[in-house]
Amino acid sequence: MKLTVFGATGGIGREIVEQALRAGHEVTAVVRDPARLAVTGERLEVFRADLTDPAALRGAVAGRDAVLSGLGARSRADAGVAARLTRSVLAAMEAEATPRLLVVSAAPLGPVPDGHTVVDKAVLALINTVLKDIYDDLREMEEQLAASATDWTSVRPPKLTDKPLTGRYRSVVGGNPGRGRSLARADVAHAMLAMIDDPATVRQGVGVAY
């Protein structure tokens, strides 16, 4: 497949690029600073662009089978970046009639799964309060997806880690796995690539966790 990856220099984005190349896909990595992309490959195209300019992104998404985005805030100071940059991606994709988009969101945007204890719910409430700005940003992003013409999937992991790829995790379309507390960035990338051709995930939020 021909894939485009946004946020390719971030933890999840880099994993998407590396895993996609190993699987034999052609990958276009969209970056602001190519020097930050420590990935190479014969089937890799590095596309430098201003991510706030939809017109500048059209060439990166035209004719692609799917677009995958790891864009998002890395801290509370970055809150707003997911919605702002995803708006540009959506505009470019709709202009080029590129339908398939998968993005990274977060587990707290999905429903609370059955089996959560009082302690689990208290911890979740605290996290939602502390990271309110980031989650508000992701909610706005998901609202943009729902209003778009794209065949989107919002992948919602819990706490992210830098552990190695396992390929073994649980996923729930429209919900979250019970007692799912963490997931490696490598496995988030693996899940996103696996969902590209899964019609059950189209226009859905999907919780993923160990």
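This is a predicted model: local features need pLDDT of at least 70, side-chain atom pairs count only at pLDDT 80 or more; totals for chains, interfaces and linings use all residues.

Student: Which residue in S6 is the bridge partner of Leu-102?

Tutor: Leu-102 has Thr-153 as its bridge partner in S6.

Student: And what order do the strands of the sheet come in?

Tutor: The sheet is open and has 8 strands, in the order S3-S2-S1-S4-S5-S6-S10-S8, with mixed pairing. Strand S3 (44–48) and strand S8 (170–173) each have a single partner strand, so these two stand at the edges and one side of each lacks a neighbour in the sheet. From one strand to the next, the twist averages 20°.

Student: OK, helices now. What lies across S5?

Tutor: Helix H3 (residues 81–96) lies across S5 as well as strand S1 (2–6) and strand S4 (66–69), and runs at about 170° to S5. Helix H6 (residues 185–195) lies across S1, S4, S5, S6 and strand S10 (204–209), running at about 160° to S5.

Student: At what angle do H2 and H3 pack?

Tutor: Helix H2 (residues 54–61) packs with H3 at an angle of about 60°, their axes being 8 Å apart, and the two helices are therefore oblique to each other. The crossing of H2 past H3 is right-handed.

Student: Which residues in H2 meet H3?

Tutor: Pro-54, Leu-57, Arg-58 and Val-61 do, and the residues they meet in H3 include Ser-88, Val-89 and Glu-96.

Terms used. Residues are numbered from 1 along each chain as its sequence is written. Side-chain values use heavy atoms; hydrogens and water are left out. Two strands pair if DSSP finds at least two bridges between them. Helices (H or I, at least four residues) and strands (E, at least two) are DSSP runs, numbered from the N terminus. Axes are lines fitted to C-alpha atoms, for helices over the stretch in contact, and angles run from 0 to 180 degrees between N-to-C directions. Contact means heavy atoms within 4.5 Å. Angles under 35 degrees count as roughly parallel, over 145 as roughly antiparallel, 65 to 115 as roughly perpendicular and the rest as oblique. A crossing is left-handed if the near helix is turned anticlockwise from the far one by less than a right angle, and right-handed if clockwise.
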